[in-house]
Amino acid sequence: MDVERFPVGEITTISGGTRDEIKLNRPWQVQIRVDPENCPFALGVLKEEEIIKLYRGGEWLLIENIFTPRGFHQMLVPKECWVAEKLWDLGGIEEITLALGIIEGVVRKNDHDLINVGVHSGYLAGQNIPHLHYHIFDPAGENISIFKNEQLPLRHVREVAETDSRIIFRHNGVTVVAGGHRAGQCYLFIDGHFDNIRFGEAVHRLLALYADKFRSVQGLPPDFGVGLVFKEGNFCYGTIVPVLNNWCVTEYLALMGAGVICLPWSHEKTAAHLRSGL
Ligand SMILES: [Zn+2]
């Protein structure tokens with residue numbers, strides 16, 4: 001059995017024992033239903049004061065999230081509603097690298113101690129609005145501290161996570177490693193400064209691997225979320241969380257500090273499975 005306290009001992013995961021097989025049966029997953037007629041991000045629906053800036057001739061829009069409880073919360077959206085087949089790989093390499101480049105600029109321009117970036121694909125990953133949207137926000141905001149330990153070593157996640165048996169691939173200074181709180185989850189680390197091209201290429205490659213190696217027996221690539229963490233303007237790490245199993249109440253007990261998260265298979269298993277698709 002593998003036991004992991006990650007990243008800094010707050011939440012424990014265990015895996016292994018008698019069950020360690022990867023399961024691809026997901027009868028509970030449905031393809032997202034794109035609905036341009038009722039889209040809140042349609043150009044005619046967005047108010048002028050919500051739009052902060054246009055990119056690539058107006059094909060991408062940086063907008064203010066006017067419904068957020070957070071102090072700082074912007075969103076990056078393409079002008080058009082994309083079809084479901086375009087959503088699962090975030091529009092492909094060109095759109096991923098463009099979005100990441102814009103996001104990097106937004107992070108630099110806004111002076112926050114901590115910035116989270118999140119984008120999701122599919123209902124199970126938390127995508128309630130089927131129009132692609134990247135969230136860029138300060139997770140804490142005014143007068144809210146999210147850390148029990150202010151020294152939370154965000155920059156040291158890599159030291160804990162990266163082991164040979166968990167590396168999936170390296171791509172131009174980006175290292176992709178299986179790990180985290182969910183089965184199939186990966187971390188992405190980059191040597192040196194954040195680079196939207198190299199990082200975007202690695203994201204694209206990993207999403208293609210997920211779609212191939214974690215395609216369900218029902219024929220769907222997994223729903224997933226991509227998260228990025230920037231501390232004082234510097235990139236710490238990225239993570240991609242595919243939804244390959246459901247969480248039950250014991251996982252929530254773990255989040256409440258009263259239990260452990262039990263993975264249906266180990267991160268080593270995920271790494272070996274994804275490497276077999278390269
Ligand atoms: Zn739309």
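This is a predicted model: local features need pLDDT of at least 70, side-chain atom pairs count only at pLDDT 80 or more; totals for chains, interfaces and linings use all residues.
Figure 1. Leu 90, Ile 96, Leu 100, Val 117, Val 119, Tyr 134, Phe 199, Val 203, Val 226 and Leu 228 line the second largest cavity. The space inside amounts to about 70 Å³. At least two lining residues come from each of H2, strand E6 (114-121), helix H4 (196-213) and strand E11 (224-231). By residue class, the lining has ten nonpolar, no polar and no charged members. Leu 90, one of the lining residues, sits in the loop between H1 and H2.

Figure 2. Most residues other than glycine have a negative phi. Leu 90 has a positive phi, near 55 degrees, and is not a glycine. With a relative accessibility of 1%, Leu 90 counts as buried because the limit for that class is under 20%. Arg 56, also not a glycine, has a positive phi of about 45 degrees. Arg 56 belongs to the loop between E3 and strand E4 (60-64). Its relative accessible area is 31%, so Arg 56 is classed as partly exposed.

**Figure 3. Helix H2 and its buried residues.** Helix H2 covers residues 93-109. Which residues of H2 are buried? They are Glu 95, Ile 96, Thr 97, Ala 99, Leu 100, Ile 102, Ile 103, Glu 104, Val 106 and Val 107. Ile 96 and Leu 100 are among the residues that line the second largest cavity. In an α-helix, residues three or four places apart point the same way because there are 3.6 residues a turn.

Figure 4. The largest cavity holds about 140 Å³ of space. It is lined by 14 residues, of which Gln 31, Ile 32, Ala 84, Trp 88 and Asp 223 are the closest to the centre. H1 gives the largest share of this lining, three residues. The lining of the largest cavity divides into eight nonpolar, four polar and two charged residues. Ala 84 is part of helix H1 and is buried, at a relative accessible area of 12%. Between Ala 84 and Arg 33 the C-alpha to C-alpha distance is 7.2 Å, while the two residues are 51 apart in sequence.

Figure 5. Cys 39 counts as buried, at 7% relative accessibility, whereas Cys 81 counts as partly exposed, at 24%.

Figure 6. The volume of the second largest pocket is about 330 Å³. Of its 16 lining residues, Gly 192, His 193, Phe 194, Asn 234 and Phe 235 are the closest to the centre. Helix H2 (93-109), helix H3 (157-161), strand E10 (186-190) and strand E12 (234-242) each contribute at least two residues to the lining. The classes in this lining are eight nonpolar, four polar and four charged.

Figure 7. Twelve aromatic pairs are found in a search of the whole structure. One of them is formed by Phe 194 and Phe 235, whose rings are 4.9 Å apart centre to centre with 45 degrees between the planes, a tilted arrangement. Phe 194 lies in the loop between E10 and H4 and Phe 235 in strand E12, and the pair links these distant parts of the chain across 41 residues. Phe 194 and Phe 235 are both buried. One aromatic cluster is made up of Phe 194, Phe 199, Phe 230 and Phe 235. Of these cluster members, Phe 199 is also in the lining of the second largest cavity.

Terms used: Residues are numbered from 1 along each chain as its sequence is written. Side-chain values use heavy atoms; hydrogens and water are left out. On a 1 Å grid over the protein atoms alone, a cavity is a set of points where a 1.4 Å probe fits but cannot get out, and a pocket is an open set with protein on both sides within 12 Å along at least five of seven lines; lining residues have an atom within 4 Å of a point. Grid points are joined across faces, edges and corners, and a volume is the space filled by probe spheres set on the points. Helices (H or I, at least four residues) and strands (E, at least two) are DSSP runs, numbered from the N terminus. Ala, Val, Leu, Ile, Met, Phe, Trp, Tyr, Cys and Pro count as nonpolar, Asp, Glu, Lys and Arg as charged, and the others, Gly among them, as polar. Buried means under 20% relative accessible area, exposed over 50%, partly exposed in between (1.4 Å probe, protein chains only). Rings of Phe, Tyr and Trp (its six-membered ring) pair if their centres lie within 6.5 Å; planes under 30 degrees apart count as stacked, over 60 as edge-to-face and the rest as tilted.
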